[in-house]
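User: I'm new to this one. Can you walk me through it?
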Amino acid sequence: MCGIVGYTGPREAYPIIIKGLHRLEYRGYDSAGVALVNENDGLHVYKKKGRVADLEETLIGANLHSHIGIGHTRWATHGEPSDRNAHPHVSFSGEIAMIHNGIIENYAQIKKELLKKGYTFKSDTDTEVLVNFIDDIKQNNDCTLEEAVRIALRRVVGAYCILLVHKDDPETIIAARKGSPLVIGIGKGEHFLASDASPIIEYTKEVVYVNDYEIAIVKPDELVLKNLGNDKQTPFITKLNMDMAAIEKGGYDHFMLKEIFEQPNTIYDCLRGRLDAENGNIIMSGIQKYAEQIINAPRIIIIACGTSWHAGLVAEYIIEETCRIPVEVEYASEFRYRNPIVHKGDVIIAISQSGETADTLVAIEKAKEQGAIIVGIVNVVGSSIARTSHTGSYTHAGPEIGVASTKAFTAQLAVLTMIALKIGYEKGTLDKERYLYLCKELAAIPEKAELVLKLDDHIKEIALKYKDVPDFLYLGRGYNFPIALEGALKLKEISYIHAEGYPAAEMKHGPIALVTNTLPVVFVATKDAYHGKVVSNMQEIKARKGIVISIITEGDTASPPLSDDVIVLPAADEIVAPMLSVIPLQLLAYHIGVAKGYDVDKPRNLAKSVTVE
Ligand code: F6R
């Protein structure tokens, strides 16, 4: 939610900031803005409702000379998307400009105090309140901006990553974070700041991940980190393991399509070096360290949101089957506010692509305090959830830029399957023969995913046939039930068509009332233990003249006669099949969204990294 970029150094700041904002636009695209400080004539702020490109257009021909700047792309929280609510916000005195990612929960109280002092506000944002609060402290205490920020942040409740510049200081950016991410790239005589590494990678591979409650004082040739008690902290420099190609479209029309097509490789990358199917070895050092605790865990609680929550549901089936450990899957946003019962020794698996989802982060912090062991399954290296977890495993799917999660989901499933097989085998609940067989089935998934992608043209034809219907129903049983949920979510977010996912058998307890001869019902019906039952459910839909689109396994002769459209997948064991059966659903949503003329990489109202609750 919201992307922030900053630069200080010898280069022109504006082009770096704008390019960075384009890379971070997946985090929010309600408005964009930049603040530049020119050594001759001070602070200049430009901002506009809409996309980064809209801002850029209005600035063509403007004199934007400056060696320091901050930029913001917004996902609106307080106040509608508009020019006046766009960041940066400038303090009442006109001296300080600030950008912010997060939510200041006690802003109303602070605003009341400032109003009493005669401050007026131009926007509805919590950010404008905070920048004025900081400026007020600075003036009253006659202190530096850095000191004012420190004093202010001791009062602030909420989440923030803030970047500030002062009109009289064409060198220094003051930055601080709590709960929202901040990476600082270390160049030669220059520094780059951003919400993630994608705006930085082009210039340097050396970065510092700023921790919660730290303030960074950033000048071209100096980076000082302090905590809120004013003690200096040693910056920990990390080398980025990412290349430019990973954050570009590489010939595809959209990031979403590129990421769907990357899945054979991303699943392979995720398994590589961990799964040795020939010899039946799964090497996951993070998991091995805690294997004893996981094996003996009285239960496992999986915490996640959205698509990652769907991966958790698949994992529930796999872990209970192979490890015989009870698993609960929780929405992080519910778990954190529910006074949940967590015992010492419970294992919490937190699943997150971004590693920054605020609800998931707070939920695991809470469970950690209660003595649980936190295992993070995270895509973004060095992210907050990865760092808060006791242990875990990265999914290695590479940067996921399309707002709808695709390749991160299948990589999550690959990691979770490896964990389940490893723990099940070590625990003795999974016998050797089945373990070896499943290792081979898992290793075969990248190749089979290639075959599924070959169905793209056929899936596009189906998409064009149904693109104008108002509703879809997605049904599946067992391992395929969460895939039905995921298919419905993808369609909703990309094509804005109402869609519901349901357990296939549950349909007759209500949703069957929706079935008419215009309702497409997508059956995720690959071969598994319940396949005969799903075929019966298909029959029930057909008997009511519903349209059946079925996703089946090769060799299935029962489903095609009941289906209007059929998508045939290669055979795979039911435990690993979800990594294949989700791909046609991703493509279906993608092609319908494109056919309807929507921006599938940036669906309305959404943002990639949900750092607010
Ligand atoms: C859907 C989607 C979201 C995310 C959810 C959790 O396509 O992308 O539902 O899955 O916001 O995000 P992470 O996995 O980053 O915690």
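User: What area is buried between domain 1 and domain 2?
Analyst: About 840 Å² in this predicted model. Carbon and sulfur atoms give 52% of that area. Buried area here is the accessible area (1.4 Å probe) that two parts lose on being put together, summed over both.

User: Where are the domain bounds?
Analyst: Domain 1 covers 3–240, domain 2 covers 245–443 and domain 3 covers 453–603. These bounds come from an automatic or database domain assignment.

User: How many residues are in contact between domain 1 and domain 2?
Analyst: 11 residues of domain 1 touch 10 residues of domain 2, with contact meaning heavy atoms within 4.5 Å.

User: New topic. Is strand E21 covered or open?
Analyst: Mostly covered: 6 of its 6 residues, 373–378, are buried. Buried means under 20% relative accessible area (1.4 Å probe, protein chains only). Strands are DSSP runs of at least two E residues, helices of at least four H or I, numbered from the N terminus.

User: Which strand does the chain cross from to reach E21, and how do the two run?
Analyst: From E20 (residues 347–352), which runs parallel to E21 and is joined to it by 6 bridges. The chain crosses through helix H12 (residues 358–369).

User: Any numbering or cut-off notes?
Analyst: Residues count from 1 along each chain as its sequence is written, and side-chain values use heavy atoms, without hydrogens or water. Local features need pLDDT of at least 70 and side-chain atom pairs 80 or more, while totals for chains, interfaces and linings use all residues.

Key:
Buried < 20%, exposed > 50% of the residue type's maximum accessible area, 1.4 Å probe, protein only. Pairing = 2+ DSSP bridges. Right-handed = clockwise from strand over helix to strand, strands pointing away.
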